[in-house]
Amino acid sequence: MNPFPVRAITLDLDDTLWPFAPIGARVELVMHAWLSTNCPRTAGQFPIERMRDLRDELNAANPHLVHDFSAMRRMTLERAMQLAGDDPVHAEAAFEAFFAERNRVEFYPDAIEALQRLAARVPLAALSNGNADLTRIGVHTHFAFQLGAREHGAPKPAASIFHAACARLGASPYHVLHVGDDIVMDVVGAARAGLRTCWLNREGLPWPHDDVRPDLQFASLTALADWLDAQHSSEKEEAAA
């Protein structure tokens, strides 16, 4: 891997720092349990699968909110309560039950130590299409800021969200490394926006594209931290020469 300057890193969250599938399975159960206790008519009329169908229907009817998962979740809850005859005023409390569980994550074993090592070298910014809250999760101190698709107004792979993060970091895209697991949203999107890219390929999958390739590919964040340490050591030696 050829060396190149990295002055800042933008980092995906779901399936990069923690696996999302266990969270996705739990939040549905927790929210349905809350509804069963507090809005039983809604729970009865909208079991988990039917609630998913309703959310899909509302997503299709509101494409302008496709980047805002929290707004769509609230809208789904309000609509379900209205249809079932419960007071939609309960939607915010139901959302809070969902959101608390959504932010109960189990990090990949390498994630926390690697975050500490990366943050000691360069500024980190979280860049996500999801609605994880780093303050609730407890790792916000490792990041200069968090920029989500909801706050920005457009999701990855739109170039604008990458450029907005680079502007806040005060670095040119060429000097910012974006790290993530998703081939299209993270690697292709960031590369086409002019950033350097690192594909976090924990499963050892083959790269599927010929026209766009990641600058770096690692199976763990530890390996990325090792690479960045070596980069900084090399730059320090060159500066001293």
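A: The model is predicted. Its chain contains 11 helices and 6 strands. The C-alpha trace spans about 75 × 35 × 30 Å along its principal axes. The chain has 241 residues, of which 46% count as buried. Among the contacts with a separation of 6 or more, 59% join residues 24 or more positions apart.

Helix α3 has 14 residues, and the distance from its first C-alpha to its last is 20 Å, close to the 20 Å expected at 1.5 Å a residue. Which residues of α3 are buried? They are Ile48, Met51, Leu54, Arg55 and Leu58. Viewed down the axis of α3, these buried residues fall within an arc of 120°, so they line one face of the helix. The face turned away from that buried side carries the exposed residues Glu49 and Ala60. On the buried side, the partners against which the residues of α3 pack are α1, α2 and α4.

Arg55 belongs to helix α3. Buried means under 20% relative accessible area. Arg55 counts as buried because its relative accessibility is 17%. What does Arg55 touch, apart from its neighbours within four places in sequence? Its contacts are Glu28, Arg73 and Thr76. Arg55 and Arg73 are 18 residues apart in sequence, and their C-alpha atoms are 7.3 Å apart in space.

Thr42 is placed in helix α2, one of the helices against which the buried residues of α3 pack. Thr42 is buried, with a relative accessible area of 0%. Leaving aside neighbours within four places in sequence, Thr42 is in contact with Leu35, Met51, Ala80, Met81, Ala84 and Asp86. Among these contacts is Met51, which is one of the buried residues of α3.

Of the 25 residues that line the largest pocket, Asp14, Phe20, Phe69, Asn129 and Gly130 are the closest to its centre. By class, the lining has 8 nonpolar, 6 polar and 11 charged residues.

Asp15 is found in the loop between β1 and α1. Although Asp15 is not a glycine, it has a positive phi of about 65°. Asp15 is partly exposed, with a relative accessible area of 30%. Elsewhere, the peptide bond from Lys156 to Pro157 is cis, with omega near 15°. Pro157 is placed in the loop between α8 and α9.

To return to α3, its buried residues line one face and pack against α1, α2 and α4, while Glu49 and Ala60 are exposed on the face turned away.

Notes. Residues numbered from 1 in each chain as written. Predicted model: local features only at pLDDT ≥ 70, side-chain atom pairs only at ≥ 80, totals over all residues. Heavy atoms only, no water. 1 Å grid on protein atoms, 1.4 Å probe; cavity = no way out; pocket = protein on both sides within 12 Å on 5 of 7 lines; lining within 4 Å. Nonpolar A, V, L, I, M, F, W, Y, C, P; charged D, E, K, R; others polar. Helix = DSSP H or I, 4+ residues; strand = E, 2+ residues; numbered from the N terminus. Expected span 1.5 Å × (residues − 1). Buried < 20%, exposed > 50% of the residue type's maximum accessible area, 1.4 Å probe, protein only. Arc of directions from axis to C-beta. Contact = heavy atoms within 4.5 Å.
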